[in-house]
Amino acid sequence: MVVAKSTLRRHQKGIGAEVRKIPRSVRIALLQKLDCAFYLQSIGFSVFKWQQAVLNDKGKRKVILAARQSGKSTIVAGKIVHIARFEPGSLCIIGAPTENQAAETMHKVLSFMRADPDYPATRKCSIEEVELENGSRIIVRTAKSDTFRGYSKPRVILLDEASRIEEEAYISGARPMLTDNPDGELIIISTPNGQQGFFYNAFFSTLGNWSKYLVRSPYQPVLGNDGMYTLDEYTKDPKFWRQQQAEQNVHAYFSPRHKDYGFQLEQLSEMGRRQYQQEYCCDFVEAAGQVFTYDEIAGMFRNWSEEEIHAKLPQIDAERLMDELRTVGGVAI
């Protein structure tokens with residue numbers, strides 16, 4: 001396998017003189033096994049900084065809130081393919097919300113496998129399952145309560161577009177597979193889908209058992225002087241923003257794929273503010289058709305002062321209002 005010297009040098013910083021005496025081919029093989037990001041680079045895939053952080057994170061629970069087209073497939077397929085090759089006999093399970101998405105995920109897995117000329121041969125290869133000569137298995141399923149269960153001690157469970165997977169599949173399907181399974185890794189990755197469900201709860205969990213990642217657009221919709229929405233930089237100080245997120249135990253990144261201002265503005269125009277905020281800004285906005293915003297609902301349950309009430313309400317004729325309230329369906333009461 002051909003590996004660029006520059007790629008190898010980046011991963012050899014700090015290596016002692018004794019280690020450098022090891023033949024280059026052996027060093028490459030060791031790095032491929034120990035460093036998932038390096039492995040993917042060595043077979044021809046580019047890896048963003050945020051992807052490298054996720055791929056080499058040793059935590060057993062990861063929740064990744066990521067914008068559309070930010071590079072989630074590299075995490076989904078790359079992580080699974082690496083484990084299956086270098087941990088013989090391992091079981092990797094991927095869950096997707098729909099049958100079509102499950103099939104597309106398997107296609108991505110197979111494309112990563114084909115890129116590695118030294119990848120183990122397959123005993124079985126279908127749209128739902130791959131079994132390798134080294135005993136490893138990769139299973140892709142539609143994550144439904146009646147189909148996503150029954151597997152024992154998987155090395156990794158990865159739920160793609162997790163915010164759109166039904167709750168029962170997670171609680172009664174995925175979670176029980178982690179029982180008595182200290183090496184089992186759970187990764188849930190998605191765009192938002194309202195302030196609901198296990199994905200939302202995991203991202204805002206305070207238990208401290210989740211490694212949290214946020215990958216969003218560098219832009220944010222703002223209302224222009226003409227009353228139309230446009231885009232502005234989300235922050236003038238990205239370093240300070242990342243520090244703020246780190247205080248909330250979130251590893252925050254701006255997506256390298258979303259730098260094109262013109263295209264992002266086009267997307268905003270086509271999608272509208274609410275949809276853009278959800279798909280690219282990773283905001284847990286209200287579902288389409290929801291009458292009240294989350295802030296309005298929260299406001300209903302707080303104690304308003306008399307001054308605040310008067311400030312919020314328009315000036316009205318009290319007697320006329322009372323007359324209207326006394327009438328229901330045109331019948332005086």
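Is K212 buried or exposed? K212 counts as buried, at 7% relative accessibility. The points below take up this residue and several others.

1. Basis of the note. This is a predicted model, in which local features need pLDDT of at least 70 and side-chain atom pairs count only at pLDDT 80 or more, while totals for chains, interfaces and linings use all residues. Residues are numbered from 1 along each chain as its sequence is written, and side-chain values use heavy atoms, with hydrogens and water left out.

2. Buried means under 20% relative accessible area, exposed over 50%, and partly exposed in between (1.4 Å probe, protein chains only). K212 is found in strand β8, residues 211-216. Helices (H or I, at least four residues) and strands (E, at least two) are DSSP runs, numbered from the N terminus. From K212 to A252 the C-alpha distance is 8.5 Å, although 40 residues separate them in sequence.

3. Cysteines. A disulfide is a covalent bond between the sulfur atoms of two cysteines. Here the term is applied to a pair of cysteine sulfur atoms within 2.5 Å, and the structure holds 0 disulfides. For C281, the closest cysteine sulfur is that of C282, at 7.6 Å, which is too far for a bond. C281 is buried, with a relative accessible area of 2%, whereas C125 is partly exposed at 45%.

4. Aromatic pairs. A pair of aromatic rings is described by the distance of the centres and the angle of the planes. Rings of Phe, Tyr and Trp (its six-membered ring) pair if their centres lie within 6.5 Å; planes under 30 degrees apart count as stacked, over 60 as edge-to-face and the rest as tilted. The whole structure has 13 aromatic pairs. One of them joins F203 and F204: the centres are 5.3 Å apart and the planes are at 85°, so the pair is edge-to-face. F203 is buried at 7% relative accessible area, while F204 is partly exposed at 47%. F203 and F204 belong to one aromatic cluster with F199, Y200 and F284.

5. Y234. Which kind of pair do Y234 and F254 form? The pair is edge-to-face, with 6.4 Å centre to centre and 80° between the planes. Y234 lies in the loop between β10 (229-233) and α10 (238-247), and F254 lies in strand β11 (residues 250-254), so the pair ties together parts that are 20 residues apart in sequence. Y234 is partly exposed, at 34% relative accessibility. The charged end of R216 sits over the ring of Y234, 3.7 Å from its centre. A charge is said to sit over a ring if NZ of Lys or CZ of Arg is within 6 Å of the ring centre and within 35 degrees of the ring normal.

6. Positive phi values. Two loop residues can be read side by side. Q69 is not a glycine, yet its phi is positive, near 60°. Q69 is placed in the loop between β1 (61-66) and α6 (72-86) and is exposed, at 55% relative accessibility. N249 is also not a glycine and has a positive phi of about 65°. The loop that holds N249 runs between α10 and β11, and N249 is exposed, with a relative accessible area of 56%.
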